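Reader: Please take one part of this model and look at it closely. Give me the cut-offs as you go.

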Amino acid sequence: MADNKGVFGIKGIFGDKNAGSEQAPAQPQTTQQPALDPTQVYPVKAEEPAAPSMDPQALPEIKQMLQNAAAAQQPASLAPAPLAPPPGLEFLNAPAAAPTPVYDPNDVNSIPLPKSQATRESEAALKKANAAAAAAAIDTDPKKNLTQPTRIGDKLVSEGIISNDQLQIAMKIQRNNPDPQKTMLGQILVELGFITESTLAQVLAESTGVEKFDPKTTVLDPNIVKQLPKNVATRHKVIPVMQEDNTIFLAMADIYNVLAMDQVQRYFPRNFKIVPLYCPEGEVMDLIDNYYDYEMSIDGILREIETGMSSDENKITGEAEGYVNPTVRLVDALLIDAIKRGASDIHFEPEPAFVRVRYRIDGNLQQIRSFHKDYWSAIAVRMKIISSMNIAETRNPQDGRITYNVLGREVDFRVSSQPTIHGENFVLRILDKKKALVPLESLGMHPNNVAILKKLIKRPEGIIIVTGPTGSGKTTTLYSILNFINAVDVNIMTLEDPVEYQLSMIRQSNIRAASGMGFAEGLRAIMRQDPDVIFVGEIRDHETAEMALRASMTGHQVYSTLHTNDAMGAIPRLIDIGIKPQLLAGAIICVIAQRLARKLCPECAESRVATPEECHIMSIDPTKAPMIKVHKGCEACGYTGYKGRVSVTEILPVDKELDELIATSATRHTMLEHLRKHGFKTMQEDGIGKVLDGITDLEELISTIDMTERL
Ligand SMILES: [Zn+2]
């Protein structure tokens, strides 16, 4: 290991595969417990069975108890690892599956404790003791009434994680403490090696509703961290990890430490709420070391790299672990920055002398930074490590994936590398799960279109096709529809290439074309799974089209996508790939075409009267020129004038008459005439409506949608 400081930096952030073999870094033990040597470092891992050095003089009673326990010994399970559950209840701690420990008769901690000796009497005694302890806790601190920390012991025993005897020992130590209410029973059990910190965390989370904070899968927000001074964080062993609206999440080991929370509150606005997340003390201290001692801003890290503060070869190869390595921090910082700015992709593009970093925001690429080429190989290696790519491979394209918790939400990154003449090009696609599921009403569709769509998706069988180029929001729309129709009485199954966002209660499958599981094969398999609704990622060939249409005519609702310019284009497209017009006619419910247009930034958009040319494009009488809004640019929108996107949509419902026209291969013109009579609005018209409503501007609309016939 490179250095101790880095342990959790690397493990914490990147989920090091060797995590299990590493020892938690030493932390000064500061809790006041006469039973335990305060200078001693207590191991927290199950695989570190070294006993805490108990002073037998100070604890004759406990020693006696341990001896009794040993004397009454039965072939029991554990000392350092969680106890095996009673026979028949093994499933209770299946994941703990510790190897049978070897006992050292001289080591109090390794003495197996008889779980089956737990008589009803001792259980009753225990309950009484617990009740007394809980009552004591209630007496001393009214704020603790809700939590009743001692109940953790009951829960651990009832789940077979520790024995009654182990609990008695821990409670004895707690009682002998001069300030029993300030000593957590759970922590004592960990220090005794009876349970691991992660077991404690799990049980605490279950019994109190306090969630566990896992630094291994989370990237902290340095801006939030630094609002709390390091000395305060260190004193209370807490670290603010993220913010969600007016809530600050505070990682801490002692989630009952109301005093610490009060102290932290002072550093945040008054209306902010501090919510504790359980995190083992050792991990909190590591986070404090990492996030306070190292430069975390992108500029700062780049400066650090440029000025050679980290010129140590080992550190810039990308393989040195932990936050001591600036490339580790740089990649983290870029991921956070990209998500904060709402980017959908991060591009790392090597040029002869430098590497350019660009984000795709609202569909457009924006240059963010560039840095010297010298550091590129280190950063590339870093990204390969985190996304489980082969570090040694530089001549062939690769792809990988990472899931991080960033800014309080789970985000997937799909990473791909492509060798170019100037080095490996990297693109990280950001799949933000929070953004994926948008209610139907919030897609930005015109309320009329939402109403039409809701009516159409009630039809029990038939196919609904969404068309548009890549990046036009087809998947988001389909996910919204699937989520809208999802109910306990419907079986929804999907075939995707690949699954971008996981939806709950929907069976999603990946296409694996390489192993012969294409859309057509997948569809055949799905049909045997009794589906009601099927989502086929894309119709690319005749076989898939034919099967999807047949499915839609045999009592299934089918959703799919096609690449066509507009909704009408779907019909000739399907006929082109070999579908008979007669088959098509009976099967299609509707075709939706859509694009995403950038919305005007509300902070800086300017109003003015439309010019005669603009009136012409919008088919408006120039003498009645309306007020429209146009983009300008300010700090809030990164000087682009736009913020967020809205869908511009056309919905083509297929009624009986249109069926007839399709079956007789009518011309596009005839079909359009029919549709017009029934109130069909094209994407252009929908977009113009959004310009007149001040949602977007004409310039953006023209660059998003084919308006040539109006120009
Ligand atoms: Zn703006």
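Author: Start with cysteine 634, which counts as buried because its relative accessibility is 17%. Buried means under 20% relative accessible area, exposed means over 50%, and partly exposed lies in between (1.4 Å probe, protein chains only). Cysteine 604, at 9% relative accessibility, counts as buried too.

The model is predicted, so a local feature needs pLDDT of at least 70 and a side-chain atom pair counts only at pLDDT 80 or more, while totals for chains, interfaces and linings use all residues. Numbering runs from 1 along each chain as its sequence is written, and side-chain values use heavy atoms, with hydrogens and water left out.

The zinc ion is coordinated by the SG atoms of Cys601, Cys604, Cys634 and Cys637, at 2.3 to 2.4 Å. Donors are N, O and S atoms within 2.8 Å of the metal (3.2 Å for Na, K and Ca); water is not among the atoms, so sites may look incomplete. The 4 donor atoms subtend angles of 105 to 112 degrees around the zinc ion, so the arrangement is tetrahedral. The rule: four donors are tetrahedral if all angles lie between 85 and 135 degrees; four are square planar and six octahedral if opposite donors are over 155 degrees apart and all others between 65 and 115; anything else is irregular.

In sequence, the donor residues follow the spacing C-x2-C-x29-C-x2-C. Cysteine 604 sits in the loop between strand E16 (588-600) and strand E17 (606-609), and cysteine 634 in the loop between strand E18 (627-630) and strand E19 (642-653), so this pair ties together parts that are 30 residues apart in sequence. Helices (H or I, at least four residues) and strands (E, at least two) are DSSP runs, numbered from the N terminus.

Now follow E16 and E19 into their sheet. The sheet is open, has 7 strands in the order E13-E12-E14-E15-E11-E16-E19, and its pairing is mixed. Two strands pair if DSSP finds at least two bridges between them. Strand E13 (507-510) and E19 are the edges; each has a single partner strand, so one side of each is left without a neighbour in the sheet. On average, neighbouring strands are turned by 20 degrees against each other, direction ignored. E16 and E19 run antiparallel and are joined by 10 bridges. Cysteine 590 stands opposite proline 653 in E19.

Two helices pack here. Helix H17 (residues 447-456) touches E16 and E19, and its direction makes about 50 degrees with that of E19. Helix H26 (residues 683-692) also touches E16 and E19, at about 140 degrees to the direction of E19. Contact means heavy atoms within 4.5 Å. Axes are lines fitted to C-alpha atoms, for helices over the stretch in contact, and angles run from 0 to 180 degrees between N-to-C directions.

The structure holds 6 of them. Phenylalanine 348 and tryptophan 376 are stacked, because their ring centres lie 5.6 Å apart and their planes meet at 20 degrees. Rings of Phe, Tyr and Trp (its six-membered ring) pair if their centres lie within 6.5 Å; planes under 30 degrees apart count as stacked, over 60 as edge-to-face and the rest as tilted. Phenylalanine 348 and tryptophan 376 are both buried. Back in the 7-strand sheet, phenylalanine 535 lies in strand E14 (residues 533-536) and tyrosine 479 in helix H18 (residues 474-485), so that pair ties together parts that are 56 residues apart in sequence. The two rings are edge-to-face, with 6.4 Å centre to centre and 85 degrees between the planes.
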